[in-house]
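Here is a short walk through a structure that may be new to you. Begin with one element, then step back to the chain around it.

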Protein chains: 2
Amino acid sequence: MVRWEADAAGRLQHAAMSLYLERGYDAVTVAEIAERAGLTKRTFFRHFPDKREAVFAGAPAFLAAVASGVADAGPGAAPMDAVLAGFAAGAARLAEYAPYQRQVRALIASSADLQEREHVKNAAVAAAVAEALGRRGVDPLTARLAAHAGGAVFAVAYDRWVDDGATGDLPALLRETRDAMRSVLG
Amino acid sequence: MVRWEADAAGRLQHAAMSLYLERGYDAVTVAEIAERAGLTKRTFFRHFPDKREAVFAGAPAFLAAVASGVADAGPGAAPMDAVLAGFAAGAARLAEYAPYQRQVRALIASSADLQEREHVKNAAVAAAVAEALGRRGVDPLTARLAAHAGGAVFAVAYDRWVDDGATGDLPALLRETRDAMRSVLG
DNA sequence: GGTGTGATGTCACCCGGTGTCATGAGCACG
DNA sequence: CGTGCTCATGACACCGGGTGACATCACACC
C-alpha cells in the first residue's frame, strides 16, 4: 500500500513544530527537523518551500474558509457584513485548534522571521477577501477598503478574544469591534 | 579628513539600487553590490542588516514624519484626523523623491522578498501611529483601530495617486478615501 | 517479467549572514 | 617626535537555508 512511511508532510510539520517549541525557531536547523521525521533535508524542501512555512500549515484552510464565508454571505448583505461573516467563518475554523493556536501564536511572537511571514499571510487573506467581494459585484476600491478594514477588525477582536482565554463569543466581539471602528471613522 | 572614501553606506545603497534595477533583485549578489561600491561583502553587512534593507533606506524618515505628524495635530483633532494628518506629512516627505519612488515601487512589486519586508515596514508605521495616538490620550484599542484604518486609507489613496501620475492633490485623495471607508463601514 | 512512475536519498553547489582577527589611517597626548 | 588608541575596513573561515542533478527502489500496470 504505502511504499514509504505515510504522511511525510505531516510528520515534517509535526517535527518542526515540536522542535521549534522545544528550543526556539532560530536554534533549530532544517536538517534536525528532517532527522526527527526520519527524512532528509532535501525532502523537507520538497514538502515546504522554506523553513517558515512549517508553522503556517493551517493558513490555506483559514484563507479558504474566510473567502467562502464572504462568497456565501446572503446576497443582500452589505460588503462589510459579508467580510465579517467571512472572518467569523475563518475564526470558527481556527477555534477547532484553539489550544494549538496558543502555542503557534506564542511561537510567532518569538521570531521576527515568523512575524514577517505572518504579515504576508494576512495580506493574502485581505487580497482574497477583496477578490471575493469583487465577485459579489463590489467595486474594486470599496472591496479593498472593506477587506483591509475587516482584517484590522479581525486582528483586534481576535487578540482580545485570545487574551480573554479564547472562551468568549468571537462573532459578537467582531461586531463590537466593527462598531468601534465605525465610531473611530467619525 | 576622511580616512576612507566617504559615505560608505550611501555608496552601498546606491550600488544596490542600481544593480537591482539593472538585473532584478534576485539576480544580484551582495558581493557584487559591495564590489561596485569599492567595498567588501563583510562591510555591506556592517551598514545594512540584510540585503533587503538597502531598498528601504527612506523608511525611518517616513515613519518619523508620520509619527510627528500625528503628534503635532491640533490638540482638539479627533484620532482619525490626527492619523490622516500624520500620513499626509509622511506623504509630503515621499513626494520629494517622487520619480525615485516610482522605481522603488516597481522594484518591490517584482520581488516577493521585498514585498514581505514592505509589509513589516507598514506594520511598523501602524505601530508607531498607534503609539503616537496613545500619547495623545487615545485609548489603546481605538488607537490600534485608527492606525490600521489610516494605513489602509493611505495605501489605497497612495496607489491611486501614483496611478494618476503622482501629480494630484494627495491630502484631498486621503480625505476622499477616508469618506469611502466611512461609508463602507455603514 | 519488463517498464514506468513517483517519492526519496545523495551529493555538490551557491549565497546570505556572522564571528574573529588583522590592518592601517588618523588623532590625542606626552 | 613618537607612542598608543580608535574605528572603519579587509580577510577568512564557517554555518545554515535553499536548489539542481542524478541515482535508487518499491510498487503498479501491462
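Helix H9 of chain A covers residues 170-184. Its 15 residues reach 21 Å from the first C-alpha to the last, close to the 21 Å expected at 1.5 Å a residue. That expected span is 1.5 Å times one less than the number of residues. Helices here are DSSP runs (H or I, at least four residues), and strands are E runs of at least two, numbered from the N terminus.

This is a predicted model, where local features need pLDDT of at least 70, side-chain atom pairs count only at pLDDT 80 or more, and totals for chains, interfaces and linings use all residues. Residues are numbered from 1 along each chain as its sequence is written, while chains are lettered from A and ligands numbered from 1 in the order in which they are written.

Which residues of H9(A) are buried? They are Leu170(A), Leu173(A), Leu174(A), Thr177(A), Arg178(A), Met181(A) and Val184(A). They lie on the same side of H9(A) because they cover an arc of only 140° around the axis, taken from the directions from the helix axis to the C-beta atoms. On the other side, Ala172(A) and Ser183(A) are exposed. Buried means 20 or more other C-beta atoms within 10 Å of a residue's own, exposed means 12 or fewer, and partly exposed lies in between, with C-beta atoms placed from the backbone.

The cover over the buried residues of H9(A) includes H5 (79-95) and H8 (140-163) of chain A, and also H5 (79-95) and H8 (140-163) of chain B. After H9(A) comes Gly186(A), with a positive phi near 85°.

Now the whole chain. Chain A has nine helices and zero strands. Of its 186 residues, 38% count as buried. Its C-alpha trace spans about 55 × 35 × 30 Å along the principal axes.

Terms used
Contact = placed C-beta atoms within 7 Å.
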